[in-house]
Amino acid sequence: MRRIAILCVGNDCPGLNAAIRATVVKSNMEDLEVVGVKDGFEGLLRDQLDVLTRNSVSGILHRGGTILGTSLYIPESDEEVNKVVEKVKQYSITCLLILGGRIGTRAALRLMKANVPSILIPATIDNDLPFTDFSIGFFTAVSHVTDALDMLHSTAEAHHRVMIVETMGRPSGWIATVGGLAGGADYVITNAEGFKAEDLLAKIRSRYEGHKRFSIVVVEDGLKLDQKFYEEVGVTQETPPAKVIGMYIQKALKDINIEWRYTSLGYLQRGGSPVSMDRIIATMMATRAVEMVKAARVYHAVGMRGFTVTEVPYSESMLNLKIVDEYLRNLAKLFY
Ligand code: F6P
């Protein structure tokens, strides 16, 4: 019997369990066995793998995180890769099914060089992989940002404050831009566009003068800010850029007495139950991956183009960064 070993590599995201469930259900129908590897490649090297049955994946569709656990470790040196090769032989694994983002992609490409067959399923809230329109987890992260902006609106308005909201996803800009668009942000600052101070100040001022004495400003984390902004507000480079922007606004708009508050959405964006789109694309891509194992079409990633599943042969270009579409960036600006 052919055997798939499924594992999560890199940061977790909501929807991984939906993919694990679909893999097992489809494999059962196709007469393939699935073993679940605990904690990514660390678990494989420690022999932590177990057969997954229909029962073991029952009731997990709606659960965030991953029942398998994950790890950031990937084999890089020849010695480490050889250990993986040995385990793949020892457990008669036909194909690894790797659920992950950039780290998972790196592992898949590295192992291809050692003839370890795999299929990659894109799973990262960052949505920054170039071979797919959507990665598992992205829609849930966007939904969390949307909910947060909805909630912050009322208190921002009540107190006439500027709310600075820091999101993940750097440096691709997807979560900040699409979350900002969905949540009605008054301004979005991403690594892709950089910080345009005058533009932001003009926006806040014009809202204020137009009797909207509050603003919601989304800032992608890890923003590269010019040293002059840190100096201007008298803080060190250790200060989160989103906070520096808040201080800068307050100082530059002293005449209209701007108060600001900072919220970092942090790991909330990666947690919780997956939204329907993440469950659906996880199910679609995992199901296709099983069909590919059956047909021996390995060394491919699955992806989404619109609502269609695609198969993309492995290549180094899979590691290129997919920056958020210019169209979406401009669309968000329409509402500033
Ligand atoms: O890859 C997903 C992600 O959430 C990024 O957006 C973020 O920069 C990173 O993980 C942070 O992860 P950690 O703190 O767990 O390394």
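**Entry 1: the loop with Pro171**

I started with Pro171, which sits in the loop between E7 and helix H6 (174-183). Helices (H or I, at least four residues) and strands (E, at least two) are DSSP runs, numbered from the N terminus. The peptide bond that joins Arg170 and Pro171 is cis, with omega at about -5 degrees. A note to myself: most residues other than glycine have a negative phi, and most peptide bonds are trans.

I am working with a predicted model, where local features need pLDDT of at least 70 and side-chain atom pairs count only at pLDDT 80 or more, while totals for chains, interfaces and linings use all residues. Residues are numbered from 1 along each chain as its sequence is written, and side-chain values use heavy atoms, with hydrogens and water left out.

**Entry 2: positive phi**

Next I looked up Asn115, whose phi is near 60 degrees, a positive value in a residue other than glycine. I found Asn115 in the loop between helix H4 (102-112) and strand E6 (118-122). Is Asn115 buried or exposed? Asn115 counts as exposed because its relative accessibility is 61%. My cut-offs are under 20% relative accessible area for buried, over 50% for exposed and partly exposed in between (1.4 Å probe, protein chains only).

His211 also went on my list, with a positive phi near 70 degrees. His211 belongs to the loop between H7 and E9, and at a relative accessible area of 72% His211 is exposed.

**Entry 3: the four-stranded sheet**

In which order do the strands of the open sheet run? I read E8-E9-E7-E10, four strands with parallel pairing. E8 and E10 are the edge strands, each pairing on one side only. On average, neighbouring strands of this sheet are turned by 20 degrees against each other, direction ignored.

Pairing here requires that DSSP finds at least two bridges between two strands. E7 and E9 have six bridges in the parallel sense, and I checked one partner: Thr167 is bridged to Glu220 in E9. Helix H5 (residues 138-159) lies across E7, E9 and E10 and runs at about 160 degrees to E7. Angles run from 0 to 180 degrees between N-to-C directions, and axes are lines fitted to C-alpha atoms, for helices over the stretch in contact.

**Entry 4: helix H9 and its cover**

Helix H9 (residues 241-252) has 12 residues, and its first and last C-alpha lie 16 Å apart, close to the 16 Å expected at 1.5 Å a residue. The expected span is 1.5 Å times one less than the number of residues. Its buried residues include Val244, Ile245, Tyr248 and Ile249. Strand E7 (161-167), helix H7 (197-209) and strand E10 (259-264) are among the elements that cover them.

**Entry 5: E1 and E2**

I then turned to strand E2 (residues 33-37), where four of the five residues are buried. Strand E1 (residues 3-9) pairs with E2 in the parallel sense over four bridges, and Ile4 has Val34 of E2 as its bridge partner.

**Entry 6: H1 against H10**

Among the contact residues (heavy atoms within 4.5 Å) I noted Ala22 and Lys26 of H1 and Ala286 and Glu291 of H10. Sorted by class, the contact of H1 with H10 has six nonpolar, four polar and three charged residues. Ala, Val, Leu, Ile, Met, Phe, Trp, Tyr, Cys and Pro count as nonpolar, Asp, Glu, Lys and Arg as charged, and the others, Gly among them, as polar.
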